[in-house]
Amino acid sequence: MKLNSLITIILIMGLASCSNTKTENSMAENNALEVLKSRRSIRSYQDKMPEKELIAQIVEAGTYAPTGMGKQSPIIVAVTNRDTRDQLAEMNAKIMGVNTDPFYGAPVVLVVLADKQYPTYLYDGSLVMGNLMNAAQAVGLGSCWIHRAKEVFETPEGKALLKEWGIEGDYEGIGNCIIGYSAQETPQAKPRKPDYVRYIE
């Protein structure tokens, strides 16, 4: 009886050991934290349209961003049409007061809008932008947050675009997430400031 009990204990310990090893390996293989740490803003892009599957994966990741009470106030408009992309670039540049391409040649613009009837709309849209940029990094594409979406979609031309896209309601432009294949070396991360985190224990 004692021998049987001893064998049982050894088997349980062995299984537990295997389980712990598997967990440790899974954690080591999970590169989510590395993606978050290695993502950088890319400001030069190849003239190559990313595959539809990659764009779909990035957009799907955006839809899983946290939102206040799970109300999902944002909308993502995935612009791959060249004429519309160039129109958005021209409108953005006009607001910025320049005649250069504010999208740095990126072929895809993911416009994030959010419904202002929800008190958390600005935070919701910002979280979607973060998911989009990190997802782009995860699938091997560059990205950058381009501002002035708010101002663009407050213009008559911007409102006309929303109507053309079938978007009705009080939506505000949160940001433009440009994506594409990088044409530059990935910038190195700046050192984190020493007082970034404070532990209250």
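Is Lys116 buried, partly exposed or exposed? I looked it up: Lys116 is partly exposed, with a relative accessible area of 35%. For my own reference, buried means under 20% relative accessible area, exposed means over 50%, and partly exposed is in between (1.4 Å probe, protein chains only).

**Entry 1: ground rules**

I'm working with a predicted model, where local features need pLDDT of at least 70, side-chain atom pairs count only at pLDDT 80 or more, and totals for chains, interfaces and linings use all residues. Residues are numbered from 1 along each chain as its sequence is written, and side-chain values use heavy atoms, with hydrogens and water left out.

**Entry 2: the overall layout**

I found 7 helices and 4 strands in the chain. These are DSSP runs numbered from the N terminus: helices are H or I with at least four residues, strands are E with at least two. Reading along the sequence, I get the pattern α-α-α-β-α-β-α-β-α-α-β. Buried residues make up 34% of the 201 residues.

I also checked contacts, meaning heavy atoms within 4.5 Å. Among contacts between residues at least 6 apart in sequence, 83% join residues at least 24 apart.

**Entry 3: the sheet**

Next I traced the strands. Strands of a sheet pair through backbone hydrogen bonds, either parallel or antiparallel. Here 4 strands form an open sheet in the order E1-E2-E4-E3, with antiparallel pairing. Two strands count as paired if DSSP finds at least two bridges between them. Strand E1 (74-79) and strand E3 (142-146) stand at the edges with a single partner strand each, so one side of each has no neighbour in the sheet. From one strand to the next, the twist averages 20 degrees.

I zoomed in on E3 and E4, which pair in the antiparallel sense over 5 bridges. Which residue in E4 is the bridge partner of Trp145? I clicked on Trp145 and noted Cys177 as its partner.

Then I looked at what packs on the sheet. Helix H3 (residues 52-63) touches E1, E2 and E4, and its direction makes about 170 degrees with that of E1. H4 packs on the sheet too, touching E1, E2, E3 and E4, with its direction at about 115 degrees to that of E1. For these angles, axes are lines fitted to C-alpha atoms (for helices, over the stretch in contact), and angles run from 0 to 180 degrees between N-to-C directions.

**Entry 4: salt bridges**

Side chains of opposite charge can pair when their charged atoms come close. My rule for a salt bridge is a side-chain nitrogen of Lys or Arg within 4 Å of a carboxyl oxygen of Asp or Glu. By this rule I count 6 salt bridges.

Back to Lys116: it forms a salt bridge with Glu172, with the closest N and O atoms 3.8 Å apart. The pair links distant parts of the chain, with Lys116 in the loop between strand E2 (108-115) and helix H5 (121-138), and Glu172 in strand E4, 56 residues apart. Glu172 is buried, at 8% relative accessible area.

Glu154 and Lys150 also meet in a salt bridge, at 2.7 Å from N to O. Glu154 is partly exposed at 43%, and Lys150 is partly exposed at 34%.

Arg82, Arg85, Asp86 and Asp101 are linked in a network of salt bridges. Within it, I noted Asp86 with Arg85, their closest N and O atoms being 3.2 Å apart. Asp86 is partly exposed at 31%, whereas Arg85 is buried at 2%.

**Entry 5: rings**

How many aromatic pairs does a search of the whole structure find? I got 1. Phe153 and Trp165 form this pair, which is tilted, at 5.9 Å centre to centre and 55 degrees between the planes. The rule is that rings of Phe, Tyr and Trp (its six-membered ring) pair if their centres lie within 6.5 Å; planes under 30 degrees apart are stacked, over 60 edge-to-face, and the rest tilted. Phe153 is buried at 4% relative accessibility, and Trp165 is partly exposed at 24%.

I also checked charges over rings (NZ of Lys or CZ of Arg within 6 Å of the ring centre and within 35 degrees of the ring normal). The charged end of Lys48 sits over the ring of Tyr181, 4.4 Å from its centre. Lys193 lies over the face of Tyr196, 5.1 Å from the ring centre.
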